[in-house]
Structure formats: structure tokens, C-alpha cells
Amino acid sequence: MSRTAVIRGIGAWVPPRIVTNDELARELDTSDEWIRSRTGISQRHIADPDMATSDLAVEAGGRALKSASTASVDFVIVATSTPDRPCPATAPSVASRLGLGTAAAFDVGAVCTGFLYSLAAGAGLIAAGTAESVLVLGADTFSTILDPVDRSTRAVFGDGAGGVVLAAGAPDEPGALGRFDLASDGEGSDLITVPSGGSRDPVRTGPGGAAEAADPYFRMEGRTVFRNAVERMAASALRVAGARGWDVGAVDLLVAHQANLRIMNAVADRMRLPRERCAVNVDRVGNTAAASIPLALVDAMDDGTLRPGHRVVLTAFGGGLTWGSCALHWPDLVAG
């Protein structure tokens with residue numbers, strides 16, 4: 001029987017500081033009603049100034065390892081668009097701080113699809129026999145790259161981390177990851193971007209010798225992104241469900257990237273899936289980028305929406321443009 005990656009543990013963490021819509025409204029030209037009506041978000045968790053992405057990843061990773069009842073893995077993969085530093089990758093630091101010794105570690109940059117891309121990478125390492133176990137984490141502190149006066153992004157994004165432990169198993173086990181559907185379209189690379197700070201538009205020396213970037217903040221073309229996200233996630237989710245032999249009525253829970261509530265509702269409608277079968281925690285944590293899906297999974301487990309044996313479809317869309325999906329029967333887990 002072929003080797004398959006199976007989810008053995010899960011964990012998530014958000015920083016304790018909560019920023020409500022009313023608090024944002026005191027700083028920006030916005031209101032609680034404006035934010036809720038357009039995004040469905042009422043609050044988000046924001047990292048303290050001395051808190052880095054690796055700090056969130058370590059917290060979530062420790063919980064996932066505890067859930068899996070293990071203290072070691074062969075690989076650590078961290079999906080993030082907000083690494084601690086441009087160089088080196090954040091994953092080796094996370095592995096070291098978790099006490100994982102010399103485990104191989106690397107980052108994946110696929111923005112909000114990063115967790116699914118990382119799941120596929122971890123599953124491939126296990127299927128190839130290169131690894132017996134992999135810790136896959138999505139962690140982002142988007143609050144560090146948002147324009148302080150841009151209400152369209154500050155209202156949407158929050159900080160957080162989540163992840164799973166994958167281990168080698170059988171394809172008919174609960175938790176076994178099915179076929180992945182992954183894709184990209186670089187023609188849309190400017191729709192979700194941080195324009196400056198990379199080699200295309202590097203940091204330069206400004207007046208007085210200070211380092212400056214032309215535009216170091218996250219930018220997004222909301223309307224075009226909305227249309228693409230709905231089309232891409234719905235089609236991808238249907239493909240992986242079909243590969244499992246499931247029609248839409250057989251899907252117990254859709255766990256989509258928590259971009260905003262309007263996008264998730266539109267994805268469900270396009271799939272002809274009842275909206276109540278969609279996991280939702282964006283109202284409480286905002287869009288947490290690569291951390292979005294594992295955070296939503298843990299919250300759905302905690303509130304009883306997600307139960308062992310459920311047919312689950314994961315789907316995401318992010319910058320790049322990137323998108324992808326995966327389907328599985330949910331295993332019997334206790335979140336760390």
C-alpha cells in the first residue's frame with residue numbers, strides 16, 4: 001500500500017491583544033457598521049510590537065506537537081509572507097526553539113494559499129520516503145506590513161499561527177490527505193503585493209543616508225481579488241471533492257481561507273453548498289493569511305462544527321496569484 005501523509009496533531013495560537021472595530025474607528029475614517037457590512041469582521045488579534053512571526057509559530061507548533069503526542073519531526077515547513085527577516089528563512093529558528101534539533105526546515109511563500117502549498121510539500125516528502133513526519137505551520141503578522149492609514153487593509157487583517165503534524169500512514173485512514181489541486185497565475189502578481197523592498201524595487205538610500213522603500217506596505221485590488229478568489233476557490237474545491245467521489249451534498253464542512261465573510265458566502269453559493277456548512281471564524285480573528293485555515297479548523301473543532309469522520313474540503317486563494325484545495329476525512333484529534 002502506498003505511503004500517504006496523515007494529520008496526527010493540530011494546534012493554533014493568536015496573540016492576546018484584541019483590536020475591535022470601534023478601536024479602529026477611533027484612528028481611521030471607518031465604523032463598526034462599515035467594517036461588518038463589508039467583511040463580517042468584528043475584531044482581530046494583533047501582535048505586540050516586540051512579537052515576531054516566529055513567536056506565533058513556536059506557540060502554535062508546540063500545541064500541534066502536543067496534540068500529536070510527539071517531540072520530534074523530520075521537517076518543519078513555515079508558510080509566511082511576514083518572515084522575521086528577509087534572510088534567513090524563519091523555519092530553522094522555529095525548529096530550534098521547539099527543540100527539534102537539526103530537523104530540516106524551510107519557508108514557503110504563497111501568501112494566503114501558503115498553508116495548503118506547505119501541506120502539499122509535506123505530503124510529498126512523506127510519500128517519497130524522504131520524511132516520516134513533518135510539522136506544517138502557517139504564521140503571519142500582517143499588522144507589521146499594513147499602511148497605518150489604509151482602512152481597507154487594517155480592517156481586514158489580523159495576526160495568528162496554526163499548524164498540523166503530518167506522519168506516514170495509509171490512504172484509507174481518517175486524516176489521510178487526498179489529492180491536492182494547486183495552481184497559480186503570475187499575470188495577477190500586482191493584485192496582492194508589497195510593492196517595494198524586494199529586488200524589483202529594493203530599499204535604497206534616501207536623503208541623509210537613511211534606508212527608504214518607495215512603498216513598503218501591503219496593497220490589494222479588492223474588487224478584482226474578490227472575483228478571482230470566488231471563481232478559483234469554488235472550482236478548485238469542487239475538483240478535489242470530485243476526486244474523492246463526493247458530490248456537494250456529501251461535503252460536511254468547507255474550510256475556506258477566511259478572507260472575508262462575503263467571499264466565503266459567495267464561494268459556498270457558487271458551489272451550491274449550504275452556507276451553514278462553512279467554517280467561519282473570520283468575525284473573531286480577521287484574515288490571518290497563511291494561518292487562516294488551521295485556525296479555522298481548531299475553532300471548528302472547539303465549537304463542535306467539525307467532528308471525527310466529517311468529509312472536509314480545504315480551499316484557499318492568495319497573492320501570486322495562487323490557489324488550491326485538498327479533501328480529507330477528519331481524524332479523531334484533540335487540539336494542543
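**Close-up views of a predicted model**

**View 1. Arginine over tryptophan.** The charged end of R151 sits over the ring of W34, 4.0 Å from the ring centre; a charge counts as over a ring if NZ of Lys or CZ of Arg is within 6 Å of the ring centre and within 35 degrees of the ring normal. Keep in mind that this is a predicted model, where local features need pLDDT of at least 70, side-chain atom pairs count only at pLDDT 80 or more, and totals for chains, interfaces and linings use all residues. Residues are numbered from 1 along each chain as its sequence is written, and side-chain values use heavy atoms, with hydrogens and water left out.

**View 2. F75 meets F106.** Searching the whole structure turns up 5 aromatic pairs (rings of Phe, Tyr and Trp, the last by its six-membered ring, with centres within 6.5 Å; planes under 30 degrees apart are stacked, over 60 edge-to-face, the rest tilted). F75 and F106 make an edge-to-face pair, because their planes stand at 80 degrees, with ring centres 6.5 Å apart. This pair links distant parts of the chain, 31 residues apart: F75 is in strand 4 (residues 75-79) and F106 in strand 5 (residues 104-108). Helices (H or I, at least four residues) and strands (E, at least two) are DSSP runs, numbered from the N terminus. F75 counts as buried at 14% relative accessibility, while F106, at 30%, counts as partly exposed (buried is under 20% relative accessible area, exposed over 50%, partly exposed in between, with a 1.4 Å probe and protein chains only).

View 3. With ring centres 4.8 Å apart and planes at 20 degrees, F142 and F157 count as stacked. F142 lies in the loop between strand 6 (133-141) and helix 6 (151-154), and F157 in the loop between helix 6 and strand 7 (159-169), so the pair ties together parts 15 residues apart in sequence. Both F142 and F157 are buried. Ring pairs link F142 and F157 with F218 into a cluster.

**View 4. Helix 10 under cover.** In helix 10 (residues 292-302), 9 of the 11 residues are buried, so the helix is largely enclosed by the rest of the structure. Among the buried ones are I293, L295, L297 and M301. The cover over its buried residues includes strand 1 (4-13), helix 5 (114-127), strand 7, strand 13 (253-256) and strand 14 (311-318). Just past helix 10, G304 has a positive phi of about 85 degrees.

**View 5. Helix 8 from start to end.** At the start of helix 8, a side-chain oxygen of N260 comes to within 2.9 Å of the backbone nitrogen of R262. The buried residues of helix 8 (residues 261-271) include I263, M264, V267 and M271. Helix 7 (222-243), strand 13 and helix 9 (282-285) are among what covers the buried residues of helix 8. Just after helix 8, R272 takes a positive phi of about 60 degrees.

View 6. L328 lies in strand 15 (residues 322-329) and is buried, with a relative accessible area of 0%. Leaving aside neighbours within four places in sequence, its contacts (heavy atoms within 4.5 Å) include I7, L177, W246, H310 and V312.

Key:
Polar contact = N/O pair within 3.5 Å; in protein donor to acceptor, adjacent residues only side chain to side chain.
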